[in-house]
Amino acid sequence: MDEKYYPEKIEEKWQQHWETTGAFRVERDDQRPKFYCLEMLPYPSGFLHMGHVRVYSIGDALAWYKRLRGFNVLHPIGWDSFGQPAEQAAIKRGVQPGAWTEENIAHMRGQLKRLGVSYDWRREIAAHRPDYYKWDQWFFLKMHERGLAYKRTSPVNWCPNEQTVLSNEQSSGGVCWRCGAAVEKKDLDQWFIRITEYAEQLINDMAEIEAGWPERVLTMQRNWIGRSVGAYIDFPIKDTPAKVRVFTTRVDTVYGANAIVLAAEHPLLSELLEGSSLKADVDRFAERVRASRAARASNAAAPGEEEEKEGVNTGLFAVNPFSGEQLPVWVANYVLMDYGAGAVMSVPAHDERDFEFAQRYSLPVRRVIERISHEQEQIAHDERELDQSLAMKHAFTDYGILVNSGEWSGKLSEVAIPEMARYAEEQGFGGGAVTYRLRDWGISRQRFWGAPIPIIYCDGCGAVPVPEKDLPVVLPERAAFTGAGESPLASVAEFVNTTCPKCGKPARRETDTMDTFVDSSWYFFRYCDPHNERAAFDPATVKYWTPVDRYVGGIEHAVMHLLYTRFWTKLMRDIGIVSFNEPVRNLTTQGMVVAETFYREDGEKKSYFNPSEVNIERDDKGRVISARLVGDGSSVTIGPFEKMSKSTNNGVDPDEMIRAYGADAVRLFMLFAAPVENDLRWQETGIEGAVRFLRRVYTFVWRWHESLQDAPQKSAPAHDQFSAAARTLRHETHRAIARVTEGFERMSYNTNVAALMELSNALGDFQVVPEQATPAERFAVLEAFESLVLMLAPFTPHAAEEMWESLGHAGGILAGVREGRVRWPQLDEALARREELEIPVQVNGKLRGRIRATLDTAEDELRAAALADEKVRAWTDGHEVVQIVVVPRRLVNIVVR
RNA sequence: GCCGGAGUGGCGAAAUCGGUAUACGCACUAGACUCAAAAUCUAGCGAGGUUAACUCCUCAUGGGGGUUCGAUUCCCCCCUCCGGCACCA
């Protein structure tokens with residue numbers, strides 16, 4: 001141990017030690033409890049950013065903690081290495097995507113090692129390597145076998161910028177999840193995965209993870225899946241054998257229907273209107289709706305506004321199977337083909353959209369629900385009229401009591417809904433039904449850099465799956481990278497041309513590749529058994545390690561990745577290779593790393609300055625008053641804190657920070673500065689504080705480490721051997737152990753670091769000179785140091801290792817744990833408790849005095865002491881004491897009148 | 001519009017059982033050390049008032065109301081910010 005703290009030196013030393021001793025390697029061990037600690041794998045862009053540093057610091061802290069608690073910890077990392085940027089690099093600079101990707105991985109691996117993250121690197125996986133994507137293809141075949149992968153032509157989400165298809169999840173809000181471009185609709189023949197088959201399970205199984213996942217994520221998934229309970233009703237079309245199926249959540253309002261409204265793309269339309277004079281009108285209208293939707297999509301910058309409701313009467317009539325009434329059939333732009341049945345019954349009195357539509361086209365409004373409670377809004381209506389279109393100003397959408405509804409009149413909505421659905425079923429014209437907003441997952445991508453979809457097209461045999469024995473279908477090294485909207489693979493003749501596995505005749509390969517979210521749907525299972533050549537993984541090995549005990553990653557994957565991987569797990573369960581429903585027990589979504597922005601406005605656009613180029617000036621209260629450039633002292637505008645990015649020039653390079661302050665300080669600051677879920681404000685002064693703290697602890701250890709060589713180690717000296725100062729120190733030590741241990745259980749890292757700082761402050765307050773310390777004092781100091789250092793290991797592993805060694809322990813912390821010599825500091829609850837208490841005394845709830853007490857001062861003693869206290873008496877004298885509340889060990893409250 | 005989450009010093013935050021509001025850190029102020037600066041160390045640091053006195057008082061956890069001996073914490077209403085969804089029948 002050097003006298004001074006040289007982070008660079010000790011970090012290199014311990015990284016080397018970990019590497020050569022294989023400190024972080026793990027194997028399955030049925031004798032020990034396992035813990036699977038997982039962070040979302042990065043895309044190998046080439047450079048680690050601060051957001052990465054944050055996730056991996058969070059995960060690593062937990063991994064270290066669990067190891068120190070005796071768990072067999074699986075803590076792996078890999079690369080989400082298929083995807084757009086590699087292909088962009090190929091288009092722009094002509095590099096080969098594979099080589100570009102491997103170089104990036106090599107660089108980032110080095111960065112992660114310099115951060116000192118405790119991965120078992122032997123388990124590293126990368127999505128773009130054939131030994132990995134072979135199994136993507138295998139899973140695809142399994143789904144194909146089960147009818148869960150299918151091809152269909154349908155309007156899909158098309159990103160004009162990236163020239164490829166996106167899934168619904170990736171184009172949520174009408175914009176591309178990656179580049180933000182407005183998404184267009186395009187008709188393409190695409191492969192889909194039948195995730196909707198699992199919609200019900202995806203909703204129901206949330207019960208299993210509710211306790212461990214953020215409410216926010218579950219809510220987002222629930223909304224996305226959009227389960228809706230209602231009924232189908234078939235309305236016969238007059239004078240034809242056809243029926244129009246309608247989905248509604250409000251069968252109870254069926255007597256109020258004034259029309260049946262179809263989506264413009266409804267397949268029945270062309271059939272029913274054959275030969276009708278109105279066909280041309282309807283076709284023209286459908287075309288307009290399509291055009292206007294496309295226009296709105298490309299104009300996604302200004303969303304929000306709902307489109308004006310428009311429709312056209314088809315001249316057809318439908319028969320309400322409940323009432324026998326004839327209803328006109330309309331086509332309207334507000335009915336969506338891909339939700340429910342693509343058709344609705346319009347009930348303007350009780351649905352706002354239908355109301356708006358009815359007003360626009362002067363359709364009758366019939367009230368069939370009456371309020372049941374005076375807390376509900378009074379529905380304006382005209383008793384003399386059946387049509388309320390003049391009286392009602394808006395729809396009444398609450399449940400209530402049925403009126404004007406034939407035999408159902410007088411029933412409550414809640415009662416009528418299931419009864420009417422059952423009736424429809426008995427009569428054969430409908431029945432109860434559940435629909436979902438979730439649609440099937442489109443996985444075809446017109447890209448090169450992804451896993452080829454293992455399908456061969458044969459003129460004779462159709463779409464034939466590639467036989468398992470022929471996997472993987474390997475990507476060629478090169479292709480013509482034009483950036484145009486067709487898969488580059490299509491131009492690689494030796495890839496495309498093959499023979500049909502069935503008939504042996506010449507055939508062509510599928511040239512689309514799979515969505516990269518396929519790769520990440522199951523990657524953490526592969527970590528358990530990463531080199532298996534015969535299977536995606538060995539089920540028994542996976543059974544030991546999974547499910548993931550804690551998963552850390554960004555909120556941006558709340559719906560996409562986290563929904564897909566839940567689905568994939570259920571699929572693997574159905575194949576029989578996994579034995580549970582949910583892959584992730586506990587989920588942590590960390591906040592963004594944000595930094596101050598500085599800019600100057602030159603006319604229209606802002607030019608941004610990096611925080612390192614700016615000096616901040618403050619007033620004497622510490623408030624920021626201005627910012628000036630380091631170079632010329634000219635002033636710049638202080639902008640808000642924003643996510644670190646190139647466009648706002650507020651990024652900070654992790655490597656530079658590690659070089660300046662050390663990996664430990666960077667990590668410590670990241671975990672201390674904010675709770676894990678919050679956004680984290682990057683502040684260089686904050687990281688300086690972290691170094692200051694580490695240096696202080698290090699200095700304390702240096703000052704004491706020789707005197708501690710002969711400290712009593714095995715058992716604590718008797719209580720009366722300890723000086724008052726030593727007793728205080730021991731109390732602080734055990735209080736910190738209690739707090740930090742508890743903090744780890746709820747991922748409260750910021751308070752954990754605070755507790756460790758307090759312990760270090762307590763060591764600073766311990767003024768005994770090392771050489772003059774009594775054996776008992778040495779014991780107390782050693783106990784404090786050992787506890788502090790071990791509890792620091794999850795946050796600053798290099799510094800902890802160095803100090804642990806200088807406290808007389810050879811071989812590294814984890815070797816000690818493995819050999820049973822080292823374990824997480826043991827809490828002595830008696831020591832953690834305060835010996836003497838200060839009990840606050842309130843009068844009428846306001847703090848008026850304090851009395852001294854011990855842990856077992858009796859209630860009546862506390863009461864008497866409180867009443868006798870001089871300061872308290874100033875508030876009670878002359879008043880009548882009405883009540884005295886005594887909370888032992890906590891407080892006394894005297895109520896006076 | 002609907003559904004979530006949050007609002008506490010100059011700033012990041014703490015108080016997970018309804019019991020001393022502001023732990024810990026940053027920034028700031030003063031002092032020590034120094035020729036000087038940095039670093040380090042020591043002390044102070046919610047607002048306002050008050051005292052010979054670090055004495056004591058009042059107010060303060062977005063605003064208003066409620067429950068309670070006692071509310072940052074529980075309940076109701078409102079405001080603001082952030083996020084998700086957005087004609088989903």
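**View 1. Helix 20 packs against helix 23.** Helix 20 (residues 684-704) and helix 23 (residues 775-792) pack at an angle of about 145 degrees, and their axes are 11 Å apart. This is a predicted model, as are all the views that follow. The crossing of helix 20 with helix 23 is left-handed. Looking at the side chains, helix 20 brings Phe693, Val697, Phe700, Val701 and Trp704. They meet Val781, Phe785, Leu788 and Leu792 of helix 23. Sorted by class, that contact has nine nonpolar residues, with no polar and no charged ones. Why do residues three or four places apart point the same way in an α-helix? An α-helix has 3.6 residues a turn, so such residues end up pointing the same way.

**View 2. The whole of chain A, for orientation.** Let's step back for a moment. Chain A has 28 helices and 37 strands, and its C-alpha trace spans about 110 × 90 × 65 Å along the principal axes. Of the 897 residues in chain A, 53% are buried. Take the contacts in chain A with a separation of 6 or more: 72% of them are between residues 24 or more positions apart.

**View 3. The surroundings of RNA strand B.** How many residues surround RNA strand B? There are 59, and the closest are Ser172, Thr249, Arg353, Asp620 and Ala673. Of the RNA atoms that come within 4 Å of the protein, sugar and phosphate account for 72%. The surface near RNA strand B divides into 18 nonpolar, 17 polar and 24 charged residues. Helix 22 (residues 749-765) supplies the largest share of that surface, with six residues.

**View 4. Side chains at the phosphates of RNA strand B.** An N or O atom in the side chain of Tyr339 is 2.5 Å from a phosphate oxygen of RNA strand B. For Arg848, the distance from a side-chain N or O atom to a phosphate oxygen of the RNA is 3.2 Å. Lys871 also has a side-chain N or O atom 3.2 Å from a phosphate oxygen of RNA strand B.

View 5. Tyr339 sits in the loop between strand 12 (326-332) and strand 13 (343-346). Is Tyr339 buried, partly exposed or exposed? Its relative accessibility is 28%, so Tyr339 counts as partly exposed. Leaving aside residues up to four places away in sequence, Tyr339 touches Gly226, Ser228, Phe247, Thr435, Tyr436 and Arg437. With Thr435, the side chain of Tyr339 makes a polar contact, side chain to side chain, at 3.2 Å. Leu438 is 99 residues from Tyr339 in sequence, yet 9.0 Å away in space, C-alpha to C-alpha.

**View 6. Ser521, in a loop between two helices.** Ser521 belongs to the loop between helix 14 (516-519) and helix 15 (523-526). Ser521 counts as buried because its relative accessibility is 0%. A polar atom of the Ser521 side chain lies 2.7 Å from the backbone oxygen of Phe517. Not counting residues up to four places away in sequence, Ser521 touches Trp441, Tyr564, Thr565 and Trp568.

**View 7. Helix 3 and what covers it.** In helix 3 (residues 84-93), the buried residues are Gln84, Ala86, Glu87, Ala89 and Ala90. What covers them includes helix 4 (97-115) and strand 6 (164-166). Just after helix 3 comes Gly94, with a positive phi of about 70 degrees.

Methods
Residues numbered from 1 in each chain as written. Chains lettered and ligands numbered in written order. Predicted model: local features only at pLDDT ≥ 70, side-chain atom pairs only at ≥ 80, totals over all residues. Heavy atoms only, no water. Buried < 20%, exposed > 50% of the residue type's maximum accessible area, 1.4 Å probe, protein only. Helix = DSSP H or I, 4+ residues; strand = E, 2+ residues; numbered from the N terminus. Contact = heavy atoms within 4.5 Å. Near = heavy atom within 4 Å. Polar contact = N/O pair within 3.5 Å; in protein donor to acceptor, adjacent residues only side chain to side chain. Nonpolar A, V, L, I, M, F, W, Y, C, P; charged D, E, K, R; others polar. Axes fitted to C-alpha atoms, helices over the stretch in contact; angles between N-to-C directions. Left-handed = near helix turned anticlockwise from the far one by under 90°.
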